[in-house]
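Please look at the sequence and the model before reading on.

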Protein chains: 2
Amino acid sequence: MSTTGKIAPISGFPEYLPDERIVEQRFLDVIRETFELHGFSSIETRSIEPIERLSAQGEDTDKEIYAVSRLGGGDEDARWGLHFDMTVPFARYVLENSGKLSFPFRRYQIQKAWRGERPQEGRYREFTQADIDVVDVGQLSPHFEAEMPLVIADVFRRFPVGDFVIQVNNRKIPGGFYQGIGLTDVTATLRIVDKLDKIGPDKVRALLLESGATDEQASLCLQLAAIRTEDLGFVDQVRALGVEHPVLDEGLAALADVIRTGIRNAPGTLVADLRIARGLDYYTGTVYETQFPGYESWGSFCSGGRYDALASDGRTTYPGVGISIGVTRILGLLLGKGLVAASRSTPAAVLVTLRDDAARDEAVTVATALRRRGIACEVAPSAAKFGKQIRYADRRGIPFVWFPSAGESGDEVKDIRTGEQVPADAQTWSPPAADLAPAVTRVGS
Amino acid sequence: MSTTGKIAPISGFPEYLPDERIVEQRFLDVIRETFELHGFSSIETRSIEPIERLSAQGEDTDKEIYAVSRLGGGDEDARWGLHFDMTVPFARYVLENSGKLSFPFRRYQIQKAWRGERPQEGRYREFTQADIDVVDVGQLSPHFEAEMPLVIADVFRRFPVGDFVIQVNNRKIPGGFYQGIGLTDVTATLRIVDKLDKIGPDKVRALLLESGATDEQASLCLQLAAIRTEDLGFVDQVRALGVEHPVLDEGLAALADVIRTGIRNAPGTLVADLRIARGLDYYTGTVYETQFPGYESWGSFCSGGRYDALASDGRTTYPGVGISIGVTRILGLLLGKGLVAASRSTPAAVLVTLRDDAARDEAVTVATALRRRGIACEVAPSAAKFGKQIRYADRRGIPFVWFPSAGESGDEVKDIRTGEQVPADAQTWSPPAADLAPAVTRVGS
């Protein structure tokens, strides 16, 4: 079709060039492979949900929902919106299919979501999330709370994101602590302390005093939030504050279990950070955030937590725990800052050249033989001069150029990076393993 | 969160259970792998386009576009809709990035699209398409028209879709033929003949006569449309009708090239079918449709063609050729009719059992060792009786159950299908290759 009208990017709806897309694909492949190695099953949910379900969280983000309606009308009974995360649709999917799923249900979900936020660094209006959750019926065993960050650490071990720290807390620690010092409105206190990163300790103290806390209560809240240890030291540091409450004890024991499991299975990746709260009300136990040191201003790249009721149909409640990788935010950093790059812009490892137009059949036969053995290739688009055909490969980063019937003994293949050209047989030749697929590597490392 | 309100599927927005999703994933993997072996680069475009761009085709499908708007307002200057295919966004992407792409540009695109159609057999309102296109600047070499169906045949060779026939025609054949017999309004004639499958030859004849054709002209149109050969026989059959026109000659030569290439590289998959027209106006050369014998009522599962102007910015025109696999339609058939199934509902090949709760560390160590060697597994959720843990595996189709420190010499692993239990070491044991990932097979074959 003829395309007319303005051609322009839309802010907050990122698109990649082919070489950047190869980086994204590799990251998504690593995420999926890791999730599957850990025994999570994939599901995908439809992109839309009834708006009343999306806005059931009752947050002030309702106005950020993208509503969907058919241009020609119809469907008048339905008010739909694009989902803004995977949690709402997953909860609905669990209720809808509860009779057909096996619990505890371990699922992963890698999909696009949409949110009408103001686009800025690390914030997009169309973005990809990669979630794992374990959901059970009635009760959920706490060991799953220790498992989630290990899966994330395994993903980041397999892809060059650079340094990362998974910060873990347990909602019961501040919850029990605040009750122990006589601050009974736990949610309000949590909301104020959650602003620490944004407004700093002095302003948090002022807000706490304003909300009715005494000077000593406010100090204790700030002292608790300042505790951060890579080992189990946080337990003694909390104890040293002299506050007693059974819920605090539960929280400390639970967080100690998560940190202990982390030290054993993914040393150096978890930190107990008692400032972490997560904004969302539905978390009831462990909560997770993830920072990349040096890029704290981007916010958390991977977050989640434990909730006692992911979903409920009135009779049955489904508790769960989950964590979500902000794929687009991570790629926004890695590609935006040029930290990671692909070695070529096409999957093809080989370009099969054309001696003349009549040689196309012969070239296609070579290409077919290579493909049958898993070697991605393409045939030159035209029988231009060999120099031009080599430039075609070079421009795309294709490392090998094949010359059918080039030598006395038959075909030859040239590594255009070194210039080395050797006899080759399409039935047996393979490129070095490192050249089979595009390499995705940390730049400058 | 607590989820309240109606829980129900939305017609035309299909969702799969985990074992069905495994079938979908395998199909998408095969498609992607095949496209990449043939040297196509992946891109993804944003889900939305300006509505005026989506409706630029000027068809009566405009009312089927889903418009998108932010619930809280804002973005008032923008009128966006969800894309209904990959062609419109790809054309825009090519124009937007023309300076950064290398031409001829071979790209694939596997994404969801949305169209507010009445849901029915094979028709969905949210669906996945898998497209390949080759687009060039100014001129596009005709050999790409012969290449497209070979890629599709390669996809279908690697996934158990069952029998299929790729029907090929060239728009220039009916175009030149109609002109040769004096029917100058080619488009109108094509539109009438395109109804053959729906209304039959008698009604098509009546419509042709109504439009001003003579009895003899109408007969010749119907005779042309009835020609269908697996070899080059169609050329002589057309010649036997005694019509002469230079455009007809071009079309016959071009289609003969496509069929000849198909016979050589993918024998038994292509058929020259002179009835195929494709509804869309922008095709100018080869056109493709694909039928699964026995399921003709579902329509074409894979379609496309050559267009002289995929996109144009006024100065430069980008001709192309492409073909699109209707992934959701094919899965609707294969899953809906139970023709293909997955052997399990989880990627896990092994369940590591728990002797007691204190043995979890040991079990996690086994699981970690298996995962490092690419074996997907999970640890039993609780130290229930072994019988219950085995049922947990059985319900999900997990073929192997691991018992840490079970025998005198150490761990043992049991194939729960045969009951055979043998000593095993997590550092060296592997399941048979066929059990490593879920098998996806034709049912009853």
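## Basis of the model

This is a predicted model, in which local features need pLDDT of at least 70 and side-chain atom pairs count only at pLDDT 80 or more, while totals for chains, interfaces and linings use all residues. Residues are numbered from 1 along each chain as its sequence is written, and chains are lettered from A and ligands numbered from 1 in the order in which they are written.

## Domains of chain A

Chain A comprises domain 1 (18-341) and domain 2 (350-442); such bounds come from an automatic or database domain assignment. Between the C-alpha centres of domain 1 of chain A and domain 2 of chain A there is a distance of 48 Å.

Contact between the domains involves 7 residues of domain 1 of chain A and 4 residues of domain 2 of chain A. Two residues are in contact if their C-beta atoms, placed from the backbone, lie within 7 Å. On the side of domain 1 of chain A that touches domain 2 of chain A, α1 (18-37) and β13 (340-342) of chain A each provide at least two residues. The largest share of that side, 3 residues, belongs to α1(A). Helices (H or I, at least four residues) and strands (E, at least two) are DSSP runs, numbered from the N terminus.

By class, this side of domain 1 of chain A holds 6 nonpolar, no polar and 1 charged residues. Ala, Val, Leu, Ile, Met, Phe, Trp, Tyr, Cys and Pro count as nonpolar, Asp, Glu, Lys and Arg as charged, and the others, Gly among them, as polar.

## Relation of the two chains

The contact uses 79 residues from chain B and 79 residues from chain A. The side of chain B that touches chain A consists of 28 nonpolar, 27 polar and 24 charged residues. Because 100% of the interface residues of chain B are also interface residues in chain A, the copies meet through the same surface.

## Strands at the axis

Strand β3 (residues 66-70) of chain A pairs with strand β3 (residues 66-70) of chain B in the antiparallel sense over 5 bridges; pairing requires that DSSP find at least two bridges between two strands. Val68(A) is opposite Val68(B) in β3(B).

## A residue in helix α4

Glu147(B) lies in helix α4 (residues 143-158) of chain B. Glu147(B) counts as buried because it has 21 C-beta neighbours inside 10 Å. A residue is buried if 20 or more other C-beta atoms lie within 10 Å of its own, exposed if 12 or fewer, and partly exposed in between, with C-beta atoms placed from the backbone.
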